[in-house]
There are 2 protein chains.
Amino acid sequence: MAARSEDTSSDGRPDPAGFQSPWNRPPRRRDQPALSREQIVTEALALLDSDGIEALSMRKLGARLNAGATSLYTHVANKDELLALVVDQVFGELPMPTAEGAEDPAVWRAAVVGCADNMRAAIMRHPWMVSVIGDVGMVYLGPNWMRLSESLLALMETAGFELVEANEAMSAVMGYTIGTACVEAAWLSALTKSGQDERVWMEQLLPAVLEATKSHPRLHRLYATQVQQEVNEGSRDNSFIRGVGVILDGIEATRAAQGKG
Amino acid sequence: MAARSEDTSSDGRPDPAGFQSPWNRPPRRRDQPALSREQIVTEALALLDSDGIEALSMRKLGARLNAGATSLYTHVANKDELLALVVDQVFGELPMPTAEGAEDPAVWRAAVVGCADNMRAAIMRHPWMVSVIGDVGMVYLGPNWMRLSESLLALMETAGFELVEANEAMSAVMGYTIGTACVEAAWLSALTKSGQDERVWMEQLLPAVLEATKSHPRLHRLYATQVQQEVNEGSRDNSFIRGVGVILDGIEATRAAQGKG
DNA sequence: ACGGTCGCCGTACAGTGTTCGCAACGCCGT
DNA sequence: ACGGCGTTGCGAACACTGTACGGCGACCGT
């Protein structure tokens, strides 16, 4: 809500709630610039998380920071740049993998799976990410993403991969992770937008789906038998993790066939 | 450009170029509704392809169809619904796989790889897809997507998969495809937005990247050695296809371990 | 003391998606 | 033949959006 309301008057702008006159108004303290890039990015992230992507406008964000909309532009070039910064901030939440003990294949596998799972969890925690991930082309040069990539590469190097090999494997895992999370989070944010509980939403939707899949027997069977289970338990998580495992199996098989074990 | 300009006057709206009076104005031909959902979707697709996502506005789209902006709303509920329709239209471009001869593992693999490759190609052909794919949650119920899913499931069923097995494998491949294409297309559309040729753009960007990766030795090496090759030949295509192959290896390995071969 | 710079913001502009009421039209029952 | 009716198109309007620009006040180096 209206955070930081306690210092509304201390920075010189009139506080409409309390009585103000030119004599009792304290001078604006400019001890520090009152607005920083970090602050903006953090507040944008909070706004996105609480109200979704279409609630993020420069004016609303400025209001949350007790600032005018155009003030943000001294710290951030664009809305696009702001979004890129926020996305990298999310990547900054992810714990970094350590290369320790990665010579053991089991340790290495567990570390990669954990990484992928963390990433997927982050996207599901911030479902607006998928509406933005296609527009922020430069994110892969952001500091947090680069830190993450670097340590993943280090991990795989200690596991015995060549650099380009490691890169390809990483791309495969990350591609799978992002793609899966996209599909899931798109569903999730459609659900959020409908405002209903997942169970209720599903119960309303299922008849229509079964009707629509009448001429597609396999999809029909799939939806009829599978979907409810997926909703009830968190079995999508397991399915995802199994998927990562399958990819790692493929990678190891390829390596074994090349005589590098 | 301005298509259909020949009948600007024949549908009764005043043509600002030619002289018009109430006496020579021909009656509006309402032989057929002049605007249809298909037409709108097709023109929206054309506009998106030629000018990108941020050029698509209801007014511009209406203008292209010699119609007012608000006329579109009789055929389409929302801009969101329009986008969902357009996305499904793109999926309609994809050739459907046939289950013929899929008992042969080689045939089956080739079909799946081809499917994934077609999908990736479609996304790269329409790079705006990635900016939209996160917002159209209901796309997976679109007719074209469903047709595609159904025939993929059929393909894998003839290859010997159980239904839920087939679904999981399909999700893995599709997830990887969408994720990879997202990453690539985001890069591509950032490039398009810059308006430069890929080579020039790269030459300008590379020094900055190498500077930025100074404290990340592995990324540094990777960019220094790898990137130019990727640009020069179309080696990203091969890399993607190899990735799909790796996933299929993993799937087959898992199945073999379960004694289904 | 005083110019220069920097951070902030009010205003303004050119758009955006969407709603609403009205008009024109084909059709259908009488 | 004719009067209502449902459908389709559209102009105006509303509430918002991102952002360029110019000004204003406070700070800092000299």
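Reader: At what angle do the axes of α3(A) and α5(A) cross?
Author: This is a predicted model. Helix α3 of chain A covers residues 79-93. Its axis and that of α5(A) come within 7 Å. They cross at roughly 40°.

Reader: Which residues of α5(A) make that contact?
Author: Both helices contribute. From α3(A) come Asp88(A), Phe91(A) and Gly92(A). By class, the contact has four nonpolar, two polar and one charged residues. The α5(A) side is Pro143(A), Asn144(A), Trp145(A) and Leu148(A).

Reader: How does chain A superpose on chain B?
Author: A rotation of 180° does it, with 0.0 Å of shift along the axis. The RMSD is 0.1 Å. That is the relation of a two-fold axis.

Reader: Through which surface do the copies meet?
Author: Chain A gives 51 residues to the contact, and chain B gives 51 residues. Of the interface residues of chain A, 100% are also interface residues in chain B. So the copies meet through the same surface.

Reader: Which helix supplies the largest share of the side of chain A that touches chain B?
Author: α5, α6, α7, α8 and α9 of chain A each supply at least two residues of that side. By class, the side divides into 27 nonpolar, 17 polar and seven charged residues. The largest share is 18 residues, and it comes from α6(A).

Reader: What distance separates the end C-alpha atoms of α6(A)?
Author: α6(A) has 32 residues. At 1.5 Å a residue, the helix should span 46 Å. The prediction agrees, because the end C-alpha atoms are 46 Å apart.

Reader: Which residue just after α6(A) takes a positive phi?
Author: α6 of chain A runs over residues 163-194. Just after it, phi is positive, about 80°. The residue is Gly195(A).

Reader: How are α4(B) and α9(B) set to each other?
Author: α4 of chain B spans residues 105-125, and α9 of chain B spans residues 235-257. Their axes come within 10 Å and cross at roughly 135°. The crossing is right-handed. The two helices are therefore oblique to each other.

Reader: How many charged residues does the contact of α4(B) with α9(B) have?
Author: On α4(B), the contact uses Arg109(B), Val112(B), Val113(B), Ala116(B), Asp117(B) and Arg120(B). They meet Phe240(B), Ile241(B), Val244(B), Gly245(B) and Leu248(B) in α9(B). Seven residues are nonpolar and one is polar. The charged residues number three.

Conventions: Residues numbered from 1 in each chain as written. Chains lettered and ligands numbered in written order. Predicted model: local features only at pLDDT ≥ 70, side-chain atom pairs only at ≥ 80, totals over all residues. Least-squares fit on C-alpha atoms with pLDDT ≥ 70 in both. Contact = placed C-beta atoms within 7 Å. Helix = DSSP H or I, 4+ residues; strand = E, 2+ residues; numbered from the N terminus. Nonpolar A, V, L, I, M, F, W, Y, C, P; charged D, E, K, R; others polar. Axes fitted to C-alpha atoms, helices over the stretch in contact; angles between N-to-C directions. Parallel < 35°, antiparallel > 145°, perpendicular 65-115°, else oblique. Left-handed = near helix turned anticlockwise from the far one by under 90°. Expected span 1.5 Å × (residues − 1).
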